[in-house]
Amino acid sequence: MNRKSDDTPTRPAPATGTPATDTPTNGRPPETPAGGPTHRPSGHRRIGLTRKRRVLAATGAAVLAGSVLVTRMTAFADPSATTTTTTTTADRPAACERQNPAQPQPPTQDPAPTSVSTVEQTYYCVFGNYYGGSRLDDRPLLQYAFQAVVKELRKRGLDQPDAVLPALTGDRDEDWSRFAARLQQVLDALPVSGPAAGTDGGRALRSSLALTAIQGMISALHDNHAGYVGPGTTGGPTPAAPSWGLGISLNMTTPPAETAPDFTGPLFLTAVGEGTPAAAAGLKPGDIVESVDGVPVFTGGKLNPGVVDLLHPAPAQRTTVTMTVRRPVTGRTRHVRLVPGTLPAQPQPHVDARLIDGGIADIRFDAFYPGLAQDVLKAVAGLRATTPTEITGIVFDLRGNHGGIAQEGNVLLGAFVHNATVVSFCDADGACVPQRVDDSTPLLQLPMVTLTDDGCASACEVFATGVKDLHLGTLVGTRTAGVNAGPAFLYALNDGNLIRMPSQHVVGANGEIIDGVGVPPDHYAPLTAADLSGGKDPSLDKAVSLLTP
């Protein structure tokens, strides 16, 4: 990062808080192809949102990234949320300020360095704004922060004999003083010349270590909707569509929830973007990846994570990737060589609507973007106006939908029921704010089936929970991602960057916790590599059978 050496806080103008767009933040988001139409059969996973689409998804109300971000993408609106707690201690840096994504701050032309002052700002920001922050024990925060610093020191070959976490007492202010003194000592001992220091006298190195402390501190929360939002990121849990890569999506969309089994495969392509290196190589959805650069995807039944990383090349990296893939529909095995490149831009978010099996409306959308509910209702009205027969049911295909604005889902659910609560946002004291359906939405009076998978996260899971708990329809597919902590807000730091944290957590209409668990389907119908390769879709077939009289 190009940063100055002073610790002067940069305070953006105060703004009304709005939850950040959502993204699972507890793992690497999958690479998703960009470009126009993709080679995919009905029911494949959705391709991720572009940066522009993510900006749109942040302008309404809130989200849960995953957690994401997400990141790890999760969007929930809560206009009644309290404002940022301020600190009155004279020698502390300015309190973090909650931001309004609808009124983003202009990019910092000359950003300040991340410093011990920024770490301190983050420390007190957590206590003042995070869910149950006033009750947190400070010691895990500081322990994780220092662990992250030590890990980075060792990685860089810069370990120090005095890089030891001081004794902590549980008194926040006292513990911070001890931690800050030791962290500053570690930063001051870093080299100011030589290869490790770089060309700026070690300023970027010290800033990087301070940033590492912040990231370690936030990780101590173990919350998929809490995270550091650095340069080049948008702050939401919904992962942005990559602008560089191979142009593929994989069936491993998010890290398994703690309650889920380890990923056992097979690893296969769920989408291939047009005009991408993967498309040029002739790859298609359903192709099973057996090895990458000669390394098998699985060893002893366990996934090799490094192999998956090879399929997500860093921006501008042009190292050739060699893949061995097997196509189930033919049984043929191929060896292909792909050079990563710039991916075509994706279309704006929209609704895909069509009639299937005579009178069933198949409605597909990959995000709960601003205006989504009205677009869906218009699409249904359009189908009704153009079909010679009556529409007999609706299928909402939410597979691969990483979330967005949960209120859009509440408006849409208002087309199936009135006077009902979808979920509630609850603080650590148990005070809850019901999130209700929109009673102004005209009732469609139609049966409904919703398709889900483990790519359905955050606001998507709020919708699925409402369908299940309120008995509005049937869920078909596989369990959702379980990345659904709570409505996340963005807070500005004095280095010009942001952190994301929820002040409330989500519970379903029946009081159940969705985060880490997900929403199970009523009918289990996974989409396999053989299905994709052969153009089959068992989830959609099951939905049609349920809606056929």
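These notebook entries record what I looked up in a predicted model.

**Conventions.** I worked with a predicted model, in which local features need pLDDT of at least 70, side-chain atom pairs count only at pLDDT 80 or more, and totals for chains, interfaces and linings use all residues. Residues are numbered from 1 along each chain as its sequence is written, and side-chain values use heavy atoms, with hydrogens and water left out.

**Helix H4.** I began with H4, residues 172-188 (helices are DSSP runs of H or I, at least four residues, and strands are runs of E, at least two, numbered from the N terminus). Its 17 residues should span 24 Å at 1.5 Å a residue, and the end C-alpha atoms are 24 Å apart, which agrees (the expected span is 1.5 Å times one less than the number of residues). I listed its buried residues as Asp175, Trp176, Phe179, Ala180, Leu183, Val186 and Leu187 (buried means under 20% relative accessible area, with a 1.4 Å probe and protein chains only). They fall within an arc of 125° seen down the axis, so they line one face of H4 (the arc is that of the directions from the helix axis to the C-beta atoms). These residues pack against H2 (116-129), H3 (138-155) and H5 (203-219) (contact means heavy atoms within 4.5 Å).

**Sheet.** I traced an open sheet of six strands, in the order E13-E14-E15-E18-E19-E23, with mixed pairing (two strands pair if DSSP finds at least two bridges between them). E13 (352-356) and E23 (523-524) are at the edges with a single partner strand each, so one side of each has no neighbour in the sheet. E13 and E14 run antiparallel and are joined by five bridges; Arg354 has Asp362 in E14 as its bridge partner.

Terms used:
Buried < 20%, exposed > 50% of the residue type's maximum accessible area, 1.4 Å probe, protein only.
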